Amino acid sequence: MSTFLHQRPLYSPLSDPDPLSPRQSSSSQRQISLFSRTGLIALLSLLLILGVILPWTGTPSIFSATKPASLTKWQQYTLSQAVSFVAKNKTVIVCAVSQPYLPFLSNWLISISRQKHQDKVLVIAEDYATLYKVNEKWPGHAVLVPPAPDSQTAHKFGSQGFFNFTSRRPRHLLHILELGYNVMYNDVDMVWLQDPFPYLEGNHDVYFTDDMAAVKPLGHSHDLPPPGKKGRTYICSCMIFMHPTDGAKLVLKKWIEELQAQPWSKTKKSNDQPAFNWALNKTAGQVDLYLLPQTAFPTGGLYFKNQTWVQETKGKHAIIHNNYITGFEKKIKRFHDYGLWLVDGHASESPLGKL
């Protein structure tokens, strides 16, 4: 968004052959109000808004050349540099966050910190405000891959902004795999109750969770489930782990293709998950896929709605996803109701501290 300043040219006595008469002088003084006390205050206020506030809202500023060196540094910070900085044992945990989701990011980070895996977390910021805030609190743990989506619409489920936000995900993950790292992706409306890494056994290409709420038998198959009524599976794109193999890269490339083939429209308000499922279904014969155990990675439609099952499987849950519900306040309330909203009482456990 460009900002233009329009000012009426100031009248210079050096350019006027006829000096101002006393009667004209008072009128001229009222016009040249820019140099009055009120005018200077107004001008300084405008400079403050354009030069300081707008950059933090993700809006480019006409005064970008005067930004603090630290902000310029993070704008130039690349995904390759960020992954190299945070990775531990060639593994990185990734999330993608826009500013409205910062409280959920902090909540998720608290739960990861309790499992001692926070140091390998990389936040892919989807607006400049998030990039600056996270790196201010936790230097080096946030990166923005330009161009940044519209920060005002990216968090609204079903909007084109939300589609643009989520459709960037496979490209980020593919880049990380091509750099030679293992990568775990999480949505930030999740909470870790246990360390999930022991469940990532073997050397499969892609690990994922089922989004269906129907109870599976204990010790269920780890194969890709059969397609549902829409001709595809219902795997959740919220929790994915990948090794940097040709098979995993093939899935991501197919995911990108499917997103391009199924763009967002007003009549079909899509998101990234159907395309992810089509990618899995179409590459299943060429890729080593692994379905994670339902007891450890239950969908929100099961964990929050089937308390009998929760009690029967108590102590076996690793990551809980607060899905099957939409809206910030509703998600926060449900986390509160189940003792999973950790931000209010345990903010000091987050690498971001109190936001």
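The crossing of α8 and α9 is left-handed, meaning that the near helix is turned anticlockwise from the far one by less than a right angle; clockwise would be right-handed. The model is predicted, so local features need pLDDT of at least 70 and side-chain atom pairs count only at pLDDT 80 or more, while totals for chains, interfaces and linings use all residues. Residues are numbered from 1 along each chain as its sequence is written, and side-chain values use heavy atoms, with hydrogens and water left out.

Helix α8 covers residues 169–178 and helix α9 residues 246–261. Their axes come within 9 Å and cross at roughly 155°. That makes α8 roughly antiparallel to α9. Axes here are lines fitted to C-alpha atoms, for helices over the stretch in contact, and angles run from 0 to 180 degrees between N-to-C directions. Angles under 35 degrees count as roughly parallel, over 145 as roughly antiparallel, 65 to 115 as roughly perpendicular and the rest as oblique. Which residues of α8 meet α9? They are Arg 169, Pro 170, Arg 171, Leu 173, Leu 174, Leu 177 and Glu 178. Their partners in α9 include Leu 252, Trp 255, Ile 256 and Leu 259. Contact means heavy atoms within 4.5 Å. By class, the contact of α8 with α9 has nine nonpolar, one polar and five charged residues. Ala, Val, Leu, Ile, Met, Phe, Trp, Tyr, Cys and Pro count as nonpolar, Asp, Glu, Lys and Arg as charged, and the others, Gly among them, as polar.

Now step back to the whole chain. The protein chain has 14 helices and nine strands. Helices (H or I, at least four residues) and strands (E, at least two) are DSSP runs, numbered from the N terminus. Of the 355 residues, 49% are buried. Buried means under 20% relative accessible area, exposed over 50%, and partly exposed in between, with a 1.4 Å probe and protein chains only. Among contacts with a separation of 6 or more, 72% are between residues 24 or more positions apart.

Next, find the sheet. Seven strands form an open sheet in the order β3-β2-β1-β4-β7-β6-β8, with mixed pairing. Strands β3 (142–143) and β8 (289–291) stand at the edges, each with a single partner strand, so one side of each is left without a neighbour in the sheet. Two strands pair if DSSP finds at least two bridges between them.

Look at β2, residues 121–125. Five of its five residues are buried, so β2 is largely enclosed by the rest of the structure. In a regular strand the side chains alternate between the two faces of the sheet. Both faces of β2 are covered: Val 121, Val 123 and Ala 125 lie on one side, Leu 122 and Ile 124 on the other. Strand β1 (residues 91–97) pairs with β2 in the parallel sense over five bridges. Ala 96 stands opposite Ile 124 in β2. Helix α4 (residues 79–86) packs on the sheet and touches β1, β2 and β3. The direction of α4 makes about 155° with that of β2.

Move along to β7, residues 235–242. Eight of its eight residues are buried. Strand β4 (residues 182–186) joins β7 through four bridges, running antiparallel. Asn 186 stands opposite Met 239 in β7. Strand β6 (residues 206–210) also pairs with β7 in the antiparallel sense, over five bridges. There, Phe 208 stands opposite Ile 240.

Helix α9 returns here. It lies across β6, β7 and β8, running at about 145° to β7. Helix α9 also packs against helix α10 (residues 272–283) at an angle of about 130°, with the axes 8 Å apart. That makes α9 oblique to α10. The crossing of α9 and α10 is right-handed.

Finish with the loops. A cis peptide bond joins Pro 146 and Pro 147, with omega about 0°. Pro 147 sits in the loop between β3 and α7 (160–167). Asn 89, in the loop between α4 and β1, has a positive phi of about 55° although it is not a glycine. Is Asn 89 buried or exposed? At 75% relative accessibility, Asn 89 counts as exposed. Lys 116 has a positive phi of about 65° and lies in the loop between α5 (102–113) and β2.
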